[in-house]
Amino acid sequence: MISILLATYNWPQALKLCLESLSTQTDLDFEIIIADDGSSAQTKNLIEAIQPKFPVKITHLWQEDQGFRKTRILNQAIEAAGGEYLIFLDGDCIVQPDFIAEHRKLAQADHLVTGSRVLLNESLSKDLLSWTHWDFKKFANNLLSYRLSGGINKYWPLKIKLGNGAWRNYQKFVWRRIKGCNMACWKADALAIGGFDETMTGWGHEDADFVFRLQNRGLIRKSGSWSTEVFHLHHRINDQSNAAENARRVREKILAKARQKNN
């Protein structure tokens, strides 16, 4: 079974669309664990209203709001996961109906997957948030017009799905295209590296650190592009005051590995 570890914080309108998109998956052999970094009761009420009629199990993990502590709640979600394979997703992302199925195709021993996202502009995001429920067919019918108007920043990866293969493999660690809102690995591998680094507080690069440590353990990073794209709703930029420090710490780990290799 697959466990979706769904990170959220105080945006129930977006979370509703995300969950609705997950409810219409072609592959329903999964569970959802919502990793809530301190949302208000509005998010809790939404989840409780959705849970009884949802086609798969939803577990809601919540921690007190003490600033950005996504790493801590995600580690709790990793521990609670009943699936042997984990897909990390953010609650401000909407998925395609074959999202689970495509991730399952890419799952491979000793590998992790970093997927990609399609950015939605502010106007289209507001429009989707006003919908009474998520409707992929309605959205897909307008893809070309969305692309031409700047509503989405990609078109062809949504129309063409490419299969598995060694061409997806990265030969070394690179920062590019690591998105915590869409990545996957085996639970055993996540536990083997101790999950996310909880000392990395504040937004920024906790996902790159996680991927680097998995690769440092010997796992091969695989691209999920042209297969698992998610739709990322537009929102204001997060507080990035800790991003530079977090990036410095990841670079230190990379340099330490390089020195060890050269000695």
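This is a predicted model: local features need pLDDT of at least 70, side-chain atom pairs count only at pLDDT 80 or more; totals for chains, interfaces and linings use all residues.

Tutor: Residues are numbered from 1 along each chain as its sequence is written, and side-chain values use heavy atoms, with hydrogens and water left out.

Student: Why is the pair of Trp134 and Phe231 called tilted?

Tutor: Rings of Phe, Tyr and Trp (its six-membered ring) pair if their centres lie within 6.5 Å; planes under 30 degrees apart count as stacked, over 60 as edge-to-face and the rest as tilted. The centres of Trp134 and Phe231 are 6.4 Å apart and the planes stand at 45°, so the pair is tilted.

Student: What makes this pair a tie between parts apart in sequence?

Tutor: Trp134 lies in the loop between helix 5 (122-129) and helix 6 (136-140), while Phe231 belongs to strand 10 (residues 230-232), so the pair ties together parts that are 97 residues apart in sequence. Helices (H or I, at least four residues) and strands (E, at least two) are DSSP runs, numbered from the N terminus.

Student: How do you know whether Trp134 counts as buried or exposed?

Tutor: Buried means under 20% relative accessible area, exposed over 50%, partly exposed in between (1.4 Å probe, protein chains only). Trp134 has 6% relative accessibility, so Trp134 counts as buried. Phe231 is buried too.

Student: Why is Phe136 called partly exposed?

Tutor: Phe136 has 23% relative accessibility and therefore counts as partly exposed.

Student: Which residues do ring pairs link into a cluster?

Tutor: The cluster consists of Trp131, Trp134, Phe136, Phe139, Tyr146 and Phe231. The count of aromatic pairs comes to 12.

Student: What makes Lys138 a charge over the face of Trp131?

Tutor: The rule asks for NZ of Lys or CZ of Arg within 6 Å of the ring centre and within 35 degrees of the ring normal. Lys138 lies over the face of Trp131, at 4.2 Å from the ring centre. The charged end of Arg221 sits over the ring of Tyr170, 3.8 Å from its centre.

Student: How do you know that strand 4 and strand 8 pair?

Tutor: Two strands pair if DSSP finds at least two bridges between them. Strand 4 (residues 85-90) and strand 8 (residues 182-186) are joined by 5 bridges and run antiparallel. Tyr85 has Trp186 of strand 8 as its bridge partner.
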